[in-house]
Amino acid sequence: MWGEKVKESCLNPVDLNFNLDMAELRCRKTGEKKKEEEAASEVDQQHHEEGVTKDEDHPDHAGDGVPSSTVEETHTDAGSTSTEETGTGVAGADGSSPAGAEEEGEQTTSSAKRAQKNSKSLLFQRIVKVFIGCLAAVTCGMMYAVYLSTYHERKFWFSSRQELEREITFQGGSGLYYYYYKHMLFASSFERGVYELTRDNRTVSGQTINAVEQLSLYPELLSSLLYKLSGSQDAIEPVYFYIGVVFGLQAVYVTALFVCSWVMSGTWVAGMLAVAWYIINRPDTTKVDYAIPLRDNWALPYFSCQVAALTGFLSNSISSATEMFCYLLMSVTTFTFIVMWEHSHYVLFVQGVALLLLDCFDLVPARKTADIHKVYLSSLLLAYVLQYQRPSLLSCPLLSLLIASVLARYLQQNMKMGPLVARLMKIVLHLYLVFTTGITFNYLVKKILPANQSDFILKFLEVKFGLNTTTEFIPNLLLCEEGFQSPGQDFFLRLTQASVLPFYMLVLLVCLLSTLQTIYRRLSGEQLKGSVRMEDGRIGERPEVIYHVLHTLLFGALAMLFQGTKYLWTPYVCAFTAFGVCSPELWMTVFRWIRLKSVHPVVLALILSTAVPTIIGFSLWREYFPRVLSELTEVQEFYDPDTVELMNWIKSQAPLTAVFAGSPALLGTVKLCTGWPVTSLPLYTDLGLLQRSESTYQVYAMRSAEEVYKLLTAQKSSYVIIEEELCNELSPVRGCRIKDLLDYANGHVVYDKGEMYTFSKHGRFCHEIKMNYSPYTNYFTRVFWNRSYHVYRVNSVISFQY
């Protein structure tokens, strides 16, 4: 009986409930560990106090008259047994059991290992992705450089020609730059060569010019210095080194376009598609095929790198280290771009307008806009110092835009505050302040600085846009240049056949509409997200995408007016279009608009961003890859025996003091191949040289022998070269022949209601002089001729023969 009572007292329901609660708590310890341990300890303490109280008040111990010692011993023995049976649960609740501690440690260790493994896996995947993308970008650039080298060799048979024939292949007057490269190589030292070029009196007759400043010869200075320092004299010929540097820069150009499209889309497939479109549309993306030494081919690769760095800098999803790298790269490439090309500040001005619009609509942080302005300003100042204080840099529109932006921002500090209508009015006022202040500053600078040559550019623009008409030769000559004319239908047809133009219009439409939505939300006071997810379907909220929308729109508008600016537009159309078709965000934006529900939009966006570029790439491969191979295998022939004969005659027969007059393009070749002084240069940005060219062109006008003789002797000409191609020119564009422009400017021909009236008592000089009769023979003596050229000596002593 005593045993049963003791047993009953030890196995009472309170103790059983205590054990069950402890087991339940032990099972729930896989969640939040600290919280569970605190809750378990509280429950354990509460149950322990309840058990002690009920044991002390139990009636079995007081009513039987049993000695207390006996009861205590029996209860202790039985209690020990009960405690041993339920010890696991109690110990688990207190966390003092070795098995529970081990289980907790294993769970914590396993979760930490899984997190570490996942982070390592993500890092490895990112490294592999970046490595493959960089490898693909570098491979595309190198393959393009090899392609250009092979194509150039096939087209001109460069390796099998003599040096004179190689130099003639530099067409369009671009060979003049290579002449200065040779001059630097033959100079006794680099310093001596630079000194001679800054005081050059052997190029333009009767003038001493700073050729480094006037012709932007920094590429030639750097390449000649690199050729000497690298010890390439015994390994490679100078001309191959020069061409190789240009082709290497073209590889950098393509690689930068690859990276630009890759950064925006997140996949290197977009970069490969951009490169493919660039190569296919090569006649509209680069001029390196026929005029290697041109300043464009040296400068535009740096501009491409600058745009790629700017794209990364504007992105919101980059780290601070990456942002700093992009900022430094942008600084270096901007300065180099300004130094390499005299027209670079106009290009950066258009880019600055795009960034101004980004800042006005509060689409990019003000800090980044200020940093970009610092890059522009520091690059301009450094280039001004390096380029012998060139006045055009102080009067350039880019500097005026920077000054005006800072002043307008100071006057409108609350521009980005207020309701929608008020902010729109503030933006309009801000743009008005910027452009009026910029124009005023530019006008004042031009008045303070020495007389510049911007008047003829302004007159040319007035004639171009139909605001004025003129009979002057120089504006009309510039209007007839291919680069200043509007693009023809064949340009758009080529882009359409390569499929880049239709997809560009689609991508531009989606991004532009999304950008307008973003602008409306910003003006309404909505804050932009720090990083846009693909599921959001808001591609227009990414600053780098908005910049490229504005970039292609602004440069596209210029390309519609001036065909020469298509080389600033078409490459970025290729990169922007490739980004669009390969970006899931663009497709997701469209699906959000149409509220697609039948198929999961994210899945469909991922499928289309992979399938569409695959289909485009396959079609391009099938249609254009055989053409590219045929270009490399087709045997082409470029040989100009008449020009070679003329250059050989000049080198062997003309005296060292001779000065040659002729068309600027031909004179560039004469200077390159012979080194003799000339009367003008193929440079269309210098008004003085254009006026000298106009005087020389009078040999194709209806002028008397005496008038032409006076014009040539005023330029100290010893010989004049008359080209049959210009004298008997048949131009498809009416009124754009040199002789037509001269007749119109001289008043010898008048166009009235579609009819042409001639008023001149003299025949055309280039025709009359071939007759060898007086008075032409009194002033000129023919000394050389072939099918293409007639060379006449300008007589220093006039002999009158009748």
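Helices (H or I, at least four residues) and strands (E, at least two) are DSSP runs, numbered from the N terminus. The structure is a predicted model, in which local features need pLDDT of at least 70 and side-chain atom pairs count only at pLDDT 80 or more, whereas totals for chains, interfaces and linings use all residues. Residues are numbered from 1 along each chain as its sequence is written, and side-chain values use heavy atoms, with hydrogens and water left out.

**Figure 1. Overview of the chain.** The secondary structure comprises 36 helices and 6 strands. Of the 802 residues, 48% count as buried (buried, under 20% relative accessible area; exposed, over 50%; partly exposed, in between; 1.4 Å probe, protein chains only). Among contacts (heavy atoms within 4.5 Å) between residues at least 6 apart in sequence, 72% join residues at least 24 apart.

**Figure 2. Helix H14, residues 295-314.** The 20 residues of H14 reach 28 Å from the first C-alpha to the last, close to the 28 Å expected at 1.5 Å a residue; the expected span is 1.5 Å times one less than the number of residues. H14 is mostly covered, with 19 of its 20 residues buried.

**Figure 3. Packing of helices H27 and H28.** H27 (residues 584-594) packs against H28 (residues 601-633) at an angle of about 130°, and their axes are 8 Å apart. Axes are lines fitted to C-alpha atoms, for helices over the stretch in contact, and angles run from 0 to 180 degrees between N-to-C directions. H27 is therefore oblique to H28 (under 35 degrees, roughly parallel; over 145, roughly antiparallel; 65 to 115, roughly perpendicular; the rest, oblique). From H27, the contact involves Pro-584, Trp-587, Met-588 and Phe-591; the residues contributed by H28 include Pro-601, Val-602, Leu-604 and Val-612. By class, the contact of H27 with H28 has 11 nonpolar, 1 polar and no charged residues (nonpolar: Ala, Val, Leu, Ile, Met, Phe, Trp, Tyr, Cys and Pro; charged: Asp, Glu, Lys and Arg; polar: the others, Gly among them).

Figure 4. Ser-400 counts as buried because its relative accessibility is 4%. Neighbours within four places in sequence aside, Ser-400 is in contact with Gly-438, Phe-441 and Asn-442.

Figure 5. Not counting residues up to four places away in sequence, Lys-651 touches Cys-673, Thr-674 and Trp-676. Lys-651 and Gly-675, 24 residues apart in sequence, are separated by 8.8 Å from C-alpha to C-alpha.
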